[in-house]
Amino acid sequence: MQSPIATERLHATTDHLIRPDLSLDDLQGSWIHPRLVQSVDPVKGRQLRASRPVRKGELLLVDRPFALIPVVDSPEQSDDIRCSNSACHRPVARTAERVSCSDRCSAHVVWCNSSCREADKSRHVFECTWLKKYATSIRSKWGEYDFGMLWLIVRILATRQMEGQQKLISPHGERSSQSNLHSFKTGWGAIQSFCGSQETWSHSQVRYWTTLAKKYLGSYSSLPHGMDTNDVVTLICQEEANSFGLYPRETGIFPIPDPPVDRGQQFGAAVYPTAAIANHSCRPNIIHKPDNQGRMVFVASMDIAAGEECCISYFDLTTNVDLKPRRDHLQTSFRFVCKCDRCVSEGPPAEEVQWDEFPSMGEV
Ligand SMILES: [Zn+2]
Ligand SMILES: [Zn+2]
Ligand SMILES: [Zn+2]
């Protein structure tokens with residue numbers, strides 16, 4: 001028998017939770033709830049907090065990607081592939097209007113129509129030669145994951161380049177009276193303040209990325225970014241610690257619905273200036289999902305008290321459900337030991353705590 005609570009959980013999706021007075025379509029660019037603030041914890045580093053109480057269902061963040069890449073197996077057959085125009089990023093169906101690059105750089109580069117291609121022209125020029133030169137060989141030699149990582153870095157560098165050239169209006173159309181956007185860093189400045197450094201990762205991992213950076217991301221005429229290899233490797237370290245996989249359904253619904261609903265097949269990867277600040281909890285108070293423009297959307301999945309940290313789940317909670325596989329997964333993939341309340345409450349009783357509580361026993 002399904003209880004009414006279980007039914008409610010199944011419906012606890014961003015689409016159902018968002019308050020009717022705030023429509024995503026009305027919000028241009030990025031938007032941050034006035035009560036969502038950032039602070040620094042001595043152990044965890046940067047974090048998001050509620051400055052005053054937030055009700056379940058309130059929209060907390062709409063964050064436009066700094067860079068986004070599609071992750072689909074057969075781009076020619078896919079209706080899930082996203083438009084390359086960074087001001088659009090909508091899913092591009094296989095219609096007569098859909099256009100590819102006239103230089104045939106990559107089957108993964110498509111636009112909704114010729115207007116989107118035109119609007120994206122100067123940004124795409126930055127990556128076009130690089131894709132043409134390396135996409136096929138990186139894929140066959142190093143695999144899809146490394147290709148995606150390198151392409152995302154190239155797109156980050158492309159946006160940085162555009163920012164440098166334009167320095168015009170903020171790309172984030174905000175409704176200033178209702179948004180807290182002004183108290184957060186935006187653009188390249190936000191990416192540079194991401195956590196993650198060469199010290200975060202193992203020596204062998206950093207060596208591996210250095211090899212890739214030297215081989216494929218040097219600042220040559222095909223990729224004129226002007227950064228040295230060390231800075232590019234640091235950027236990779238930050239990107240790998242902060243990028244989001246994009247999935248069609250919500251991540252972080254807790255308690256896990258019965259039957260569980262997974263977040264679906266990944267269709268992209270992206271870096272977000274503000275969403276990246278959120279820390280992980282295995283009992284998150286935020287659920288997150290990209291919208292149809294590739295913007296990351298955070299919604300409060302429960303009431304949040306004043307001062308409370310606002311957390312997302314870094315992985316699909318319908319997988320790695322038990323404590324041990326969950327902690328192992330977080331440690332392997334995200335390089336931290338999770339100490340969220342759920343992990344602590346499900347943790348082994350006593351022994352760890354006792355050692356901490358009686359540190360001087362051996363000296364007695
Ligand atoms: Zn488009
Ligand atoms: Zn091209
Ligand atoms: Zn945890």
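How many helices and strands does the secondary structure of the chain come to? In this predicted model, the count is eleven helices and 13 strands. Of the 364 residues in the chain, 37% are buried. Among contacts between residues at least 6 apart in sequence, 73% join residues at least 24 apart.

| Helix | Residues | Buried residues include |
|---|---|---|
| Helix 4 | 121-142 | Phe126, Trp130, Leu131, Tyr134 and Ile138 |
| Helix 8 | 229-242 | Val232, Val233, Leu235, Ile236 and Cys237 |

Helix 4 bends by about 50° at Leu131, and Leu131 is itself among the buried residues of this helix. The buried set of helix 4 also has Arg123, His124, Glu127 and Cys128. These buried residues pack against helix 5 and helix 7. After helix 4 comes Gly143, which has a positive phi, near 95°.

An α-helix has 3.6 residues a turn, so residues three or four places apart point the same way. In helix 4, Trp130, Tyr134 and Ile138 are buried.

In helix 8, the buried residues form a run from Val232 to Glu239, with Thr234 and Gln238 among them. What covers these buried residues includes helix 5 (144-166), helix 7 (203-216) and strand 9 (268-271). Helix 5 and helix 7 are also what the buried residues of helix 4 pack against.

How far apart are the end C-alpha atoms of helix 8? They are 20 Å apart.

Note on methods:
Residues numbered from 1 in each chain as written. Chains lettered and ligands numbered in written order. Predicted model: local features only at pLDDT ≥ 70, side-chain atom pairs only at ≥ 80, totals over all residues. Helix = DSSP H or I, 4+ residues; strand = E, 2+ residues; numbered from the N terminus. Expected span 1.5 Å × (residues − 1). Buried ≥ 20, exposed ≤ 12 C-beta atoms within 10 Å, placed from the backbone. Contact = placed C-beta atoms within 7 Å. Bend = angle between axes of the 7 residues up to and from the residue.
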